[in-house]
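Here is a short briefing to read alongside the coordinates.

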Amino acid sequence: MLILTYHYYPRYFWVHNEEVLRVRSVYLQERLVRLNNIHKGDPQICGLPQCRKLWSPDEEEQRYCWECSKWYHMSCLERQERVSQANYMDTIRARVENSDIPDTILTVAFQPTARGGPCHFVTGNIRVIKQARSLLSKDTRQVISQSPWMAAHLIEQTHSHVQDNDWIAYLESELSIKEDITEEQLVVDGQSCYPCPVCKSVFLI
Ligand SMILES: [Zn+2]
Ligand SMILES: [Zn+2]
């Protein structure tokens, strides 16, 4: 396929030592790579086998399915039944395996994993959600609960046991998200969730 227009995408990245969020342009090359992948039959752009649409980050959001490890266009999901994020979170909280997981962790981990469109950056929130999903493991929470970081944090907060909000502080620290400085948020509320059109997992995307 021949591309006649030049295309730059904004990419956001966090510079740790300077504590600033910078933007840089990603050139057409990346898009060419994606197109080549389509020709090889690798559905890099959308997990739906019959979809041949490209992804335009500025125009359309994509959602990620953790069960089949693929991204889907919103327009490829919207013909299915939608569930509000709040209702979906209720079903997540009601699951037996989630009963001992702090609500703050569930809220971050089970929000839609999304990128692009009017609500999300091009890079999306997958790194935030990946970090939160690691905390779904009791063993991981146990290790972090006893870490020097948490010990120092609890002294600062003047309480002795890890509470729900301490997990939010931990995630913000790990992800270098600082209120009023980075635009990235731990949770984006008020979205709609959809079943994955391919794997039909009980986990909505
Ligand atoms: Zn699609
Ligand atoms: Zn899936």
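The model is a predicted one. The protein has eight helices and seven strands, and 22% of its 205 residues count as buried. Among contacts with a separation of 6 or more, 56% join residues 24 or more positions apart.

**The three-stranded sheet**

- An open sheet is built from three strands in the order β4-β3-β6, and the pairing is antiparallel.
- The edges are taken by β4 and β6 (114-115), each with a single partner strand, so one side of each has no neighbour in the sheet.
- Between β3 and β4, which run antiparallel, there are four bridges.
- Which way do the residues of β4 point? Lys70 and Tyr72 point one way, Trp71 and His73 point the other way, and all are buried.

**The nonpolar cores**

- The largest nonpolar core has 14 residues. Those with the most contacts inside it are Cys46, Cys65, Tyr72, Cys193, Tyr194, Leu204 and Ile205.
- At least two residues of this core come from each of β3, β4 and α2 (74-77).
- A second, separate core has eleven residues, among them Ala109, Phe110, Ala132 and Trp167.
- Leaving out residues up to four places away in sequence, Tyr72 touches Cys46, Gly47, Leu48, Gln62, Arg63, Cys65, Leu77, Pro197 and Ile205.

- Where on α5 (residues 126-134) do the buried residues sit? They are Val128, Ile129 and Ala132, and they lie on the same side of α5 because they cover an arc of only 90 degrees around the axis.
- The general rule behind such a spacing is that an α-helix has 3.6 residues a turn, so residues three or four places apart point the same way.
- The cover over the buried residues of α5 includes α4 (103-109) and α8 (164-174).
- In α8, the buried residues are Trp167, Tyr170 and Leu171. They line one face of the helix, because they fall within an arc of 95 degrees when seen down the axis of α8.
- The buried residues of α8 pack against α4, α5, α6 (138-145) and α7 (148-157).

**Two serines with positive phi**

- Most residues other than glycine have a negative phi, which makes the next two residues worth a look.
- Ser69 is not a glycine, yet has a positive phi of about 55 degrees. Ser69 lies in the loop between β3 (62-65) and β4 (70-73), a hairpin with four residues between the strands.
- Is Ser69 buried or exposed? Ser69 counts as exposed, because it has 9 C-beta neighbours inside 10 Å, and the cut-off for exposed is 12 or fewer.
- Ser176 also has a positive phi, near 55 degrees. Ser176 follows α8 and belongs to the loop between α8 and β7 (192-193).
- Ser176 counts as partly exposed because it has 14 C-beta neighbours inside 10 Å.

- Glu59 is found in the loop between α1 (29-39) and β3. With 9 C-beta neighbours inside 10 Å, Glu59 counts as exposed.
- How far apart in space are Glu59 and Pro118? Their C-alpha atoms are 7.4 Å apart, while in sequence the two are 59 residues apart.
- Phe203 lies in the segment after β7. Phe203 has 16 C-beta neighbours inside 10 Å and so counts as partly exposed.
- Apart from its neighbours within four places in sequence, Phe203 is in contact with Trp66 and Glu67.
- Phe203 and Cys193 are ten residues apart along the chain, and their C-alpha atoms are separated by 9.4 Å.

How values were computed
Residues are numbered from 1 along each chain as its sequence is written. Chains are lettered from A and ligands numbered from 1 in the order in which they are written. This is a predicted model: local features need pLDDT of at least 70, side-chain atom pairs count only at pLDDT 80 or more; totals for chains, interfaces and linings use all residues. A residue is buried if 20 or more other C-beta atoms lie within 10 Å of its own, exposed if 12 or fewer, and partly exposed in between; C-beta atoms are placed from the backbone. The arc is that of the directions from the helix axis to the C-beta atoms. Two residues are in contact if their C-beta atoms, placed from the backbone, lie within 7 Å. Two strands pair if DSSP finds at least two bridges between them. A nonpolar core is a set of buried Ala, Val, Leu, Ile, Met, Phe, Trp, Tyr and Cys residues joined through C-beta atoms within 7 Å.
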